[in-house]
Amino acid sequence: MTKLFSVLLSLPLLCQVFPGIAEAAATDRALLSLFCAPGAIAGTTCKRARSYPDSEGRRCDVTLKPERQQGRFLASSNPLLLVSYGSGCEPHATDFGGAVVFEQVGGAYKFRGFQPGMQVDECVISTTRNEAQDVLVCLTGHMGQGVVETGVARVGFANASGGPSRCPMIFCCRPRTRREPT
C-alpha cells in the first residue's frame, strides 16, 4: 500500500519534469475519443475502434504511434493530421497498421477515416509554388518472404464529401526489388 501511495504522490512531479509526455498522452486520448468509446481507451490504444474498415464484426484495436504529419493537403480545405497506428486486425501485407486521418476544424479535430497500410513514418511535406496546398512525399517499403521492396510515393488526397478521406499513394519511383540473402 505504501508503494502505491508513493507512486501516486510522484505522478505530479513526473508530469512537471516531463511535460511533453503528459501533453502527448492527453492529445492521443482526445484523438482516440473521436472513434473510440471512453471506456475502451487505455493509454494510446483503443480496444474497439468504431468504423474500422473490413472489420467484419471483429473488435479491432488501434494503437497510435508518435509519427505524425500535418499539412494542408487539399486545396481550399482545412489542415489534415495523419497519425500512424498499429492494429491486430491488419495483416503483414499492410505492415500491421496504417494511418488515421483527422481534419482540423477551428481548434478541434474531426475523425475522417482509417487508411490501412499507409505508413507516414518517413515522409516530408513540400509546399507547392502557390502555397495553397502541401504535398506529402513518403518513402515506402515492405518485406515479405525475403523480398524487399522500396519506393518513393506522393500521397494523393481526395475529399469524400463529409465521408472518410481517401489517400492513395502515387508511386514516383520504384527501384528493383531484391531478395534478402538467407
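Visitor: In which strand does Gln69 lie?

Guide: Gln69 lies in strand 3. Before we dig in: this is a predicted model, where local features need pLDDT of at least 70, side-chain atom pairs count only at pLDDT 80 or more, and totals for chains, interfaces and linings use all residues. Residues are numbered from 1 along each chain as its sequence is written, and side-chain values use heavy atoms, with hydrogens and water left out. Strands (E, at least two residues) and helices (H or I, at least four) are DSSP runs, numbered from the N terminus.

Back to our glutamine. With a relative accessible area of 12%, Gln69 is buried; buried means under 20%, exposed over 50% and partly exposed in between, using a 1.4 Å probe and protein chains only. Its side chain reaches the backbone oxygen of Val120 at 3.3 Å. That's a polar contact, meaning N or O atoms within 3.5 Å; within protein, one must be able to donate a hydrogen and the other to accept it, and residues adjacent in sequence count only if both atoms are side-chain atoms. If you set aside neighbours within four places in sequence, Gln69 is in contact (heavy atoms within 4.5 Å) with residues including Leu80, Leu81, Leu82, Ile125, Leu136 and Cys123.

Cys123 takes us to the disulfides (cysteine sulfur atoms within 2.5 Å). Cys123 pairs with Cys138, sulfur atoms 2.0 Å apart. The two sit 15 residues apart, Cys123 in strand 7 (residues 123-127) and Cys138 in strand 8 (residues 134-144), and the pair links distant parts of the chain. Turning 100° about the S-S bond, this link is right-handed, and both Cys123 and Cys138 are buried.

The structure holds three disulfides. Another joins Cys60 to Cys89, S to S 2.2 Å, and is left-handed at -100°. Cys60 lies in the loop between strand 2 and strand 3 (62-71), and Cys89 in the loop between strand 4 (80-86) and strand 5 (97-105), so this pair ties together parts that are 29 residues apart in sequence. Cys60 has a relative accessible area of 1% and Cys89 one of 12%.

Then there's Cys36 with Cys46, S to S 2.2 Å. Cys36 is in the loop between helix 2 (19-32) and strand 1 (41-42), while Cys46 is in strand 2 (residues 45-46), so parts ten residues apart in sequence are tied together. Both of these cysteines are buried. Number the bonded cysteines in sequence order, and the pairing reads 1-2, 3-4, 5-6.
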